[in-house]
Amino acid sequence: IIESFDSFAVSNDIQLHFLNQETSILMDYDKEKLLRILSNLLSNAVKFTPKGGDVYVTANQDVRIIDPGVSNKREACLVISVKDTGIGISKEEIPMIFDRFYQIGKENNLERTKKGQGTGLGLSLTRELIKLKGGSIDLESEVGKGTVFHIVLPITRDAALVEDHSIDPAKINQIIPRTIKVNKDQLEKPGSAVQP
């Protein structure tokens, strides 16, 4: 999923980093929902990070209380973090960030977002998909320094074991925002045109 965002990141002069802390994690997961969740968070991270910035994705296994306040039971879980060096979100805006159609900076009439880009339905839908899988999402942010989203999903092993690690590229292309396709030769040739 992360590799599928390479051309989008390159076209925005942003570096993507995957910091894999586990060699493998055996768990039940919904390929389609995980694709939508990560695609939305990666898309937002790239959109709201200025040129020359970085986006980091980490994945590790941990033992945590997945839904504090509802259950205090500690469970094995997968923790995925998506961190960017972007514009950040103010403390006043954090409680509203998962509301449908909320736009960052709107409350303070800030022009911090790129024209026409808000969080829209993306983060609201992302939170709902994570809840459907029994998980949680939270974030930390500081204006001008970036944002990190933490996804916590319970590790269950109830489904039959399947050795398919592939994700259909056609489905990724439906979710990723329109990107500019760039190949290595075009980047190395001065004055070469890039075709959308």
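**Group meeting: a walk through the chain**

If you set aside its neighbours within four places in sequence, Thr58 is in contact with Leu19, Gln21, Val79, Ile80 and Ser81. Thr58 sits in strand β2. Is Thr58 buried or exposed? With a relative accessible area of 14%, Thr58 counts as buried, because the cut-off for that is under 20%. And before I go on, please keep in mind that this is a predicted model.

One of those partners, Ile80, is worth a stop. Again leaving out neighbours within four places in sequence, Ile80 is in contact with Leu34, Leu38, Val57, Thr58, Ala59, Phe149, His150 and Ile151. Ile80 also belongs to the largest nonpolar core, which has 33 residues. Which of its members touch the most others? That would be Leu16, Leu41, Leu42, Val55, Ile80, Val82 and Ile151. The elements that each put in at least two residues are α1 (6–11), α2 (31–47), β2 (54–65), β3 (74–84), α3 (122–132), β4 (136–142) and β5 (146–154). The top contributor is α2, with seven residues.

Let me zoom out for a second. How many helices and strands are there in the chain? You get five helices and five strands, and from the N terminus the order goes α-β-α-β-β-α-β-β-α-α. The chain has 196 residues, and 39% of them count as buried. If you take contacts between residues at least 6 apart in sequence, 66% of those join residues at least 24 apart.

Now the helix pair, α2 and α3. Their axes come within 10 Å and cross at roughly 145 degrees, and the crossing is left-handed. On the α2 side, the contact is made by Lys33, Arg36, Ile37, Asn40, Leu41 and Asn44. From α3 you have Gly122, Leu123, Thr126, Leu129, Ile130 and Leu132. Sort that contact by class and you find six nonpolar, four polar and two charged residues.

Staying with α3, which of its residues are buried? Those are Gly122, Leu123, Ser124, Thr126, Leu129 and Ile130. They pack against α2, and also against β4 and β5.

Just past the end of α3 comes Gly134, with a positive phi of about 80 degrees. Gly134 is in the loop between α3 and β4, and its relative accessible area of 39% makes it partly exposed. Not counting residues up to four places away in sequence, Gly134 touches Ile66 and Pro154. How far apart in space are Gly134 and Leu153? They are 19 residues apart in sequence, but C-alpha to C-alpha the gap is 6.6 Å.

Last one: Asp13. Most residues other than glycine have a negative phi. Asp13 has a positive one, near 55 degrees, and isn't a glycine. Where is Asp13? Look in the loop between α1 and β1 (15–20). Asp13 is partly exposed too, at a relative accessible area of 46%.

So, to recap: Thr58 is buried, Ile80 is among the core residues that touch the most other members, and α2 gives the most to that core. The α2 and α3 crossing is left-handed, and both Asp13 and Gly134 take a positive phi. That's the tour, thanks!

Key. Residues are numbered from 1 along each chain as its sequence is written. This is a predicted model: local features need pLDDT of at least 70, side-chain atom pairs count only at pLDDT 80 or more; totals for chains, interfaces and linings use all residues. Side-chain values use heavy atoms; hydrogens and water are left out. Helices (H or I, at least four residues) and strands (E, at least two) are DSSP runs, numbered from the N terminus. Buried means under 20% relative accessible area, exposed over 50%, partly exposed in between (1.4 Å probe, protein chains only). Contact means heavy atoms within 4.5 Å. A nonpolar core is a set of buried Ala, Val, Leu, Ile, Met, Phe, Trp, Tyr and Cys residues joined through side-chain atoms within 4.5 Å. Axes are lines fitted to C-alpha atoms, for helices over the stretch in contact, and angles run from 0 to 180 degrees between N-to-C directions. A crossing is left-handed if the near helix is turned anticlockwise from the far one by less than a right angle, and right-handed if clockwise. Ala, Val, Leu, Ile, Met, Phe, Trp, Tyr, Cys and Pro count as nonpolar, Asp, Glu, Lys and Arg as charged, and the others, Gly among them, as polar.
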